[in-house]
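Trainee: I'd like to learn how to read a structure feature by feature. Can we walk through one together?

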Amino acid sequence: MTDRLINLGFTDRFAQEATLYPDLHPARVIAQYKELYRVATAESEVLAEISGKMRHAAVEMSDYPAVGDFVMIDRNVGSQDHAIIHQTLARKSVFIRKAAGKAHDVQVVAANIDIVFICMSLNNDFNLRRLERYLAIAWDSGATPVIVLTKADLCADIPEKLNEIETIAFGVDVLVTSSLSEDGYTAVLKYITPSQTVVFIGSSGVGKSTLINRILGEALIETREIRRDDKGRHATTNRELFLIPTGGCIIDTPGMRELGLESANLARTFVDIDKLAEKCRFKDCKHENEPGCMVRKAIEEGTLTEERLQSYLKLKKEAKYEGMNSKQIEKEKISTMFSDFGGIKNAKRYIKSKDKGK
């Protein structure tokens, strides 16, 4: 494994899976166009397209490669012809959103992210309910969320804001930064190491682009100009992966700002409510007027806010988990994941048969 591949995030986990395709070369998708991909290999960057077999086997949009995916291609260096992508390696994390014009199809916005920086400014953008939504999406993706509070110089009650966040962001690191100093750049940079991939999400105007540009230096602008000249007739892309000069990668995609709640980890985001719900008298308690409801009791005692409960119920409804408890939600997610196999039992049989055939 070369240093270039390691810095691209090609860990032992991917290297092990890549050995199943000895005649192919590993690469990472760093840009996505209409029908083409730009991929980075151990040697260079090349334009690539998926094989006919892979295209024929794709049932949903999520079956196609996306920015951040590790793929297996037929060549390691560029040539006049496009490289051919034959396989996408299993994703360790994935961000999805509903595909435009599709009733149930989802689109992969970015894959194989290690850390998602949730940016929120300490002025008018400060919104705990929005933060809960971002946390639910981040936890569900498989990435680790880190909250980045920007524009601290415009806030007069930072301790109060931090106390509010502590009541909803359990086990999540929180960084306080200011646009007037270096602390935003240096604090974030400490979380980014070689082989790690990060992404920034948050509302417009909270300082995401400023942080990205500081981390990448001039590399972002220069690389975009080079790629624009190089790809010529190909459609422009707003989804790209960039190598960070100090090590690691950033995926820069406006699509991350438009994520809907197609899937969410509510158990991780609302662990306090789930723990209370486990003590309710009735297993199917809706936390309204039922006797013995520990969630309502916590609200009455002031240890839980009505706003947080309503946010939880709203997100459950939006993610189509209304009426389910945390265990039922996880069961539903697993059933959906393995629906193509006819259930998790059939999926296990399929995996065992594949192992025997190796």
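This is a predicted model: local features need pLDDT of at least 70, side-chain atom pairs count only at pLDDT 80 or more; totals for chains, interfaces and linings use all residues.

Trainee: How many bridges join strand E12 to strand E13?

Mentor: Two strands pair if DSSP finds at least two bridges between them. Strands (E, at least two residues) and helices (H or I, at least four) are DSSP runs, numbered from the N terminus. Here four bridges join E12 (residues 240-243) and E13 (residues 249-252), and the two run antiparallel. They form a hairpin with five residues between them, and Gly 247 in the turn has a positive phi of about 115 degrees.

Trainee: Which residues of helix H11 are buried?

Mentor: Buried means under 20% relative accessible area, exposed over 50%, and partly exposed in between (1.4 Å probe, protein chains only). In H11 (residues 294-301), the buried ones are Val 295, Ala 298 and Ile 299. They sit on the same side of H11 because they cover an arc of only 100 degrees around the axis, taking the directions from the helix axis to the C-beta atoms. Exposed Glu 300 and Glu 301 are on the face turned away from that buried side. Just after H11 comes Gly 302, with a positive phi of about 85 degrees.

Trainee: How many disulfides are there?

Mentor: A disulfide is a pair of cysteine sulfur atoms within 2.5 Å, and the count by that rule is zero. Take Cys 285: its closest cysteine sulfur, in Cys 293, is 3.7 Å away, too far for a bond. Cys 285 counts as buried, at 10% relative accessibility.

Trainee: And how do I read aromatic pairs?

Mentor: You describe a pair of rings by the distance of the centres and the angle of the planes. Rings of Phe, Tyr and Trp (its six-membered ring) pair if their centres lie within 6.5 Å; planes under 30 degrees apart are stacked, over 60 edge-to-face, the rest tilted. The count here is five aromatic pairs. One of them, Phe 10 with Phe 70, is tilted, at 5.5 Å centre to centre and 55 degrees between the planes. Phe 10 lies in the loop between helices H1 (3-7) and H2 (12-18) and Phe 70 in strand E4 (residues 70-73), so the pair ties together parts 60 residues apart in sequence.

Technical notes. Residues are numbered from 1 along each chain as its sequence is written. Side-chain values use heavy atoms; hydrogens and water are left out.
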